[in-house]
Amino acid sequence: MTHDLVTSLRPLLTAEASAEAYASGAEPGDLEQAVWLRLLERLEADGPPRDPRRWLRSAVRIEARRTRRTTRDERPYETEPAGAAEHEPEQLALTAARHRALRDAVRRLPGRCPRLMEALLSPKDLTYREIAGELGISQGSLGPERSRCLGCLRRLLPREVAAR
C-alpha cells in the first residue's frame, strides 16, 4: 500500500516541488524530502490521507511557506565566526596547496621576477625602498617591474589550476 502510494505520488511531488521551490528559496529536492517525511509521519499517526493528491499539494505549499519564513528570519553571518574555518584540517590543506602552487609558479618566473615576488610575499612586509635596495634597482622602476612580473604570474597560474 505505502509503496503504491509513493510510486503514484512521485511525479506529482516532483512537479509541485519544482514549481514552489523558486519562490520559497529552497531546492526542489529539499522540498520533496520534507514532504516525504511529512507523509511518513502522517502514515504512522493517522494512516493514508483520504485524498492523497490534494494532501500532497497542500503539504508542498506548507513546506514552501515554512522555508520562506525560515529564510526570512535567519540571517547569515557577514563573515565566518572568528577562527571558525581557518584551523580546520581541510582548510589548512587547501591553503597549503594554494601556497605551494603560488611558490612553484613564482620560482618559474623569468629574470629577477622570482626575487621580486619573494620580496613582496615576504612575511617581513618590506617597503618598496627596502625591496629596491635588496634587488639593486631604483624604487621608481619597482612598480612597472612588479606589474610585468604579476602579468607573467597570471599567465602561469591558470595552467596550474586547470591541471589539478
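In this presentation, buried means under 20% relative accessible area, exposed means over 50%, and partly exposed lies in between, with a 1.4 Å probe and protein chains only. Colleagues, the structure above is a predicted model, in which local features need pLDDT of at least 70, side-chain atom pairs count only at pLDDT 80 or more, and totals for chains, interfaces and linings use all residues. Residues are numbered from 1 along each chain as its sequence is written, and side-chain values use heavy atoms, with hydrogens and water left out.

Let me begin with the salt bridges. The term denotes a side-chain nitrogen of Lys or Arg within 4 Å of a carboxyl oxygen of Asp or Glu. The structure holds 10 of them.

One of these joins arginine 38 to glutamate 63, with the closest N and O atoms 2.7 Å apart. Arginine 38 belongs to helix 2 (residues 28–46) and glutamate 63 to helix 3, so that the pair links distant parts of the chain, 25 residues apart. Helices here are DSSP runs (H or I, at least four residues), numbered from the N terminus. Arginine 38 is partly exposed, at a relative accessible area of 27%, whereas glutamate 63 is buried, at 5%.

A second bridge brings together the side chains of arginine 57 and glutamate 16, at 3.6 Å from N to O. Here, too, distant parts of the chain are linked: arginine 57 sits in helix 3 (residues 52–73) and glutamate 16 in helix 1 (residues 2–24), 41 residues apart. Arginine 57 is partly exposed, with 33% relative accessible area, and glutamate 16 is buried, with 13%. Both residues take part in a network of salt bridges that also includes Glu20 and Arg61.

Helix 3 deserves a word of its own. Its 22 residues reach 31 Å from first C-alpha to last, close to the 32 Å expected at 1.5 Å a residue; the expected span is 1.5 Å times one less than the number of residues. Among its buried residues are Trp55, Leu56 and Glu63.

I turn now to helix 7 (residues 139–163), where glutamate 145 and arginine 148 lie three residues apart, about one turn of the helix. Their side chains meet in a salt bridge of 3.0 Å, N to O. Glutamate 145 is buried, at 11%, while arginine 148 is partly exposed, at 49%. Leaving aside residues up to four places away in sequence, glutamate 145 touches Arg112, Cys113 and Leu116, contact meaning heavy atoms within 4.5 Å.

Which cysteine forms a disulfide with cysteine 113? The partner is cysteine 149, and the two sulfur atoms are 2.1 Å apart, a disulfide being a pair of cysteine sulfur atoms within 2.5 Å. The link is left-handed, with -80° about the S-S bond. Cysteine 113 lies in helix 5 and cysteine 149 in helix 7, so the pair ties together parts 36 residues apart in sequence. Cysteine 113 is buried at 6%, and cysteine 149 is buried at 0%. The sulfur of cysteine 152 is too far for a bond, because the closest cysteine sulfur, in cysteine 113, is 5.3 Å away.

Finally, helix 5 (residues 113–121) also meets helix 4 (residues 89–107): their axes come within 8 Å and cross at roughly 145°. Such axes are lines fitted to C-alpha atoms over the stretch in contact, with angles running from 0 to 180 degrees between N-to-C directions. The contacting residues include Leu102 and Arg103 of helix 4 and Pro114 and Met117 of helix 5.

Methods: Helix = DSSP H or I, 4+ residues; strand = E, 2+ residues; numbered from the N terminus.
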